[in-house]
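Here is a short tour for a first visit. Keep the sequence and the structure side by side as you read.

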Amino acid sequence: MTTPAFSPRIEANPNARSAADRAGILTDPGFGNYFTDHMFLAEWTPEQDWHDARVVPYGPLSLDPATAVLHYAQEIFEGLKAYTHADGSVWLFRPEANAARMQRSAHRLALPELPVEWFIGSVKALIEADREWVPTGEERSLYLRPFMFASEVFLGVRPSQHVTYSVIASPAGAYFAEGVKPVDIWLSSEYSRAGAGGTGAAKCGGNYAASLLPQQEASAHGCAQVAFLDSVEHRWVEELGGMNLYFVQADGSIVTPELSGSILEGVTRDSILAIAKDLGHEVIERRVSIDDWRDGVADGTITEVFACGTAAVVTPVGKLKWDGGEVVSAEGESGKVTADIRAALVDIQYGRAEDRHGWMTRAL
C-alpha cells in the first residue's frame, strides 16, 4: 500500500488567543507551560494507511477507557525546535533526523512508520497555522512535540490496529534564564534506565517513566539530573535521564559513551560530534566506566563534563555525587570547550553562523 501524498485540511481555531494574551505569554513562556492555538492530527489503520491529516484547534483528546495506550504504553514521541532568524524567517534544525529516529522508535514499539514527508509536513503545517507563536529573541524558540500512540479500543496484548499521530507546539524561553550554569548529577546505584534488548534506544514514554523515581532521589540530594549505568555490570556510563554525556580530556579530545542499544541516539548528540571535529577536537566514541569518570575528574585527566539535549542544548556538569562522595568538574561557570561547542551549535540554529552541514530546513 502506498501512503497518500501529504495534504492536510485546515480548521482555524475560532477561539484563538488574542494578540495581547499571546504577547503576554511570549514575554516569559518558560518551557512546556503554554501551547499554541492549533494541533496536528492524523490516523493510521492497516486498511487505509496514514490518512485524515488535519490541523485543528488545540484541545483535549477523547479516549475510551479501554484505549490500548492506557494499558500497554504503546507510544513514542519526538522533540525539535523552530527558530526565528534575524530576517524573520523560521527554520527547523535537522527535522529529517527526528523523522528517521521516530521511524526507528516506531519499529521497536510495533507502531507504523510515519513517512518523512508526513513528519516534516506536519511540523511545517502547524508552524504555518501558528506563525505568531514562534518567539523572537536570544535562545527563544518554538518547541514541537510530535507523538504517536495506540488508539484502538481493545484489551488484548498485540499491536494496535488504530494509531493516532499528533504534533503540538509550545513557545520556549531560554532554558537557563540566568545564563548557563553547571548542574549537579546524582549517580544512581540502584536503578537502570534501560536494559540490553529493551527500549532504551527508542524515544518512548516508558523510558522516562522509569527515570522518575531515581530523579526524585537525585532531587533529594540536591541534584538536577541522574546518571545511569548499564543494567548488567552497573559499571558503564550510559546517559542521564534525558541527555547524552561528553567528557573533555586534558589533551583536548572528547569522549562520549558509544551507542549500546540502550542509549538514545540523540540528534543533538550527533550534531555535537560533528561540531567538535569542526573545532579541531578528536572525538572518540567508546565505553566509559564510572571509575573513568570519577578518577579522571579527580586527577585532571578529564577537564570538563557536559550533557546535551534538545531542550537545554548543552549543559555543563558541575559535580557528580553518589552515596559517600563527589567529584567536582566545574564550579560557577561553563568550561571553555563546553561553551565553545554550545555557542557554535546555537549560532547555526539561529542563523548566525554558516550551516556547513546543511542541517537547517526552512519552515516559513
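## A helix residue, partly exposed

Ala-23 has a relative accessibility of 41%, so Ala-23 counts as partly exposed. Bear in mind that this is a predicted model. Ala-23 sits in helix α1, which covers residues 19-27.

## Two packed helices

Two packed helices are described by the angle between their axes and the distance between the axes. Take helix α3 (residues 95-108) and helix α4 (residues 116-129): they pack at an angle of about 125°, and their axes lie 9 Å apart. The angle therefore makes α3 oblique to α4. The crossing of α3 and α4 is right-handed.

Which residues in α3 and α4 meet? From α3 come Pro-95, Glu-96, Asn-98, Ala-99, Met-102 and Gln-103. From α4 come Val-116, Phe-119 and Ile-120. Sorted by class, the contact of α3 with α4 has six nonpolar residues, two polar and one charged.

Arg-94 is placed in the loop between β6 (90-93) and α3. Its phi is near 50°, a positive value in a residue other than glycine. Is Arg-94 buried or exposed? Arg-94 counts as buried because its relative accessibility is 11%, and the cut-off for buried is under 20%.

Ala-110 lies in the loop between α3 and α4. Ala-110 is not a glycine either, yet it has a positive phi of about 60°. With a relative accessible area of 39%, Ala-110 is partly exposed.

## The nonpolar cores

In soluble globular proteins, nonpolar side chains tend to be buried together. Here the largest nonpolar core has 39 residues. Which of them touch the most other members? They are Trp-50, Phe-119, Ile-127, Leu-144, Met-148 and Tyr-165. Helix α4 gives the most to this core, with seven residues.

Look at Ile-127 as one case. Leaving aside neighbours within four places in sequence, Ile-127 is in contact with Ala-82, Val-90, Leu-92, Val-134, Leu-142, Leu-144, Ala-363 and Leu-364. A second, separate core has 23 residues. Among them are Ile-275, Ala-276, Val-313 and Tyr-350.

## A buried glutamate

Glu-78 lies in the loop between β4 (75-77) and β5 (80-84). Its relative accessibility is 0%, so Glu-78 counts as buried. What does Glu-78 touch, not counting residues up to four places away in sequence? The list is Asn-98, Arg-101, Met-102, Phe-119, Tyr-143, Leu-144, Arg-145, Pro-146 and Lys-203. Asn-98 and Met-102 are also among the α3 residues that meet α4. Phe-119 is one of the α4 residues in that contact.

Now find Tyr-208. Glu-78 and Tyr-208 are 130 residues apart along the chain. Their C-alpha atoms are separated by 13 Å.

## Helix α7 and the residue after it

Helix α7 covers residues 290-299. Which of its residues are buried? Ile-290, Trp-293, Arg-294, Gly-296 and Val-297 are. An α-helix has 3.6 residues a turn, so residues three or four places apart point the same way.

Just after α7 comes Gly-300. Gly-300 takes a positive phi of about 90°.

Key:
Residues are numbered from 1 along each chain as its sequence is written. This is a predicted model: local features need pLDDT of at least 70, side-chain atom pairs count only at pLDDT 80 or more; totals for chains, interfaces and linings use all residues. Side-chain values use heavy atoms; hydrogens and water are left out. Axes are lines fitted to C-alpha atoms, for helices over the stretch in contact, and angles run from 0 to 180 degrees between N-to-C directions. Helices (H or I, at least four residues) and strands (E, at least two) are DSSP runs, numbered from the N terminus. Angles under 35 degrees count as roughly parallel, over 145 as roughly antiparallel, 65 to 115 as roughly perpendicular and the rest as oblique. A crossing is left-handed if the near helix is turned anticlockwise from the far one by less than a right angle, and right-handed if clockwise. Contact means heavy atoms within 4.5 Å. Ala, Val, Leu, Ile, Met, Phe, Trp, Tyr, Cys and Pro count as nonpolar, Asp, Glu, Lys and Arg as charged, and the others, Gly among them, as polar. A nonpolar core is a set of buried Ala, Val, Leu, Ile, Met, Phe, Trp, Tyr and Cys residues joined through side-chain atoms within 4.5 Å. Buried means under 20% relative accessible area, exposed over 50%, partly exposed in between (1.4 Å probe, protein chains only).
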